[in-house]
Amino acid sequence: MSKNYLTIQKTRYIDKFDFELSISADLDPEKVKIPSMLLQPFIENAIEHGFKNLGRKGEIKIEFTKEYDELHVILRDNGVGFRPDENHKTYPSRATQIIQERIALMNEKMKTDARFSLISIDSQGTEVSLYLPILV
């Protein structure tokens, strides 16, 4: 699903960014499922905010690996990154709130320990790391 979304956005924003998906050999992409709408808000933020006024072509890399009994998804972009105090925000981004709520609901319903972290790489981009239960 992420590939479809990225392909559509790449058509919409011609020459604005490239993307690369990497799936480890121990994962079957036809069988492993990712709960809906967990990656899309982060991809959208990279394109809409990270690549805005970038001055170079954006890149999004998404890696899917298996770590113990979890799916580890790392989404990296080479956008402008963010500062925690950017625009003097006193509230989390809407995308972050949405993902926190979805993960909390999933954890409650499925008794899992899904989680994510979000870091800015000194004006060199953003990295999102998600740990999800492996759903088949």
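Buried means under 20% relative accessible area. That cut-off applies to the views of this predicted model.

**View 1. Strand β3 is mostly covered.** Of the eight residues in β3, seven are buried. The strand spans residues 70-77. In a regular strand, side chains alternate between the two faces of the sheet.

**View 2. β3 pairs with β2 in antiparallel fashion.** Eight bridges join the two strands. β2 covers residues 58-67.

**View 3. Tyr-68 sits in the turn of the β2–β3 hairpin.** Two residues separate the strands of this hairpin. Tyr-68 is not a glycine, yet its phi is positive, about 55 degrees. Most residues other than glycine have a negative phi. Tyr-68 is exposed, because its relative accessible area of 79% is over the 50% cut-off.

**View 4. Asp-15 lies in the loop between α1 and β1.** Helix α1 covers residues 2-12, and strand β1 covers 17-23. Phi of Asp-15 is near 60 degrees, a positive value in a residue other than glycine. The relative accessible area of Asp-15 is 59%, so this residue is exposed.

Notes. Residues are numbered from 1 along each chain as its sequence is written. This is a predicted model: local features need pLDDT of at least 70, side-chain atom pairs count only at pLDDT 80 or more; totals for chains, interfaces and linings use all residues. Side-chain values use heavy atoms; hydrogens and water are left out. Helices (H or I, at least four residues) and strands (E, at least two) are DSSP runs, numbered from the N terminus. Buried means under 20% relative accessible area, exposed over 50%, partly exposed in between (1.4 Å probe, protein chains only). Two strands pair if DSSP finds at least two bridges between them.
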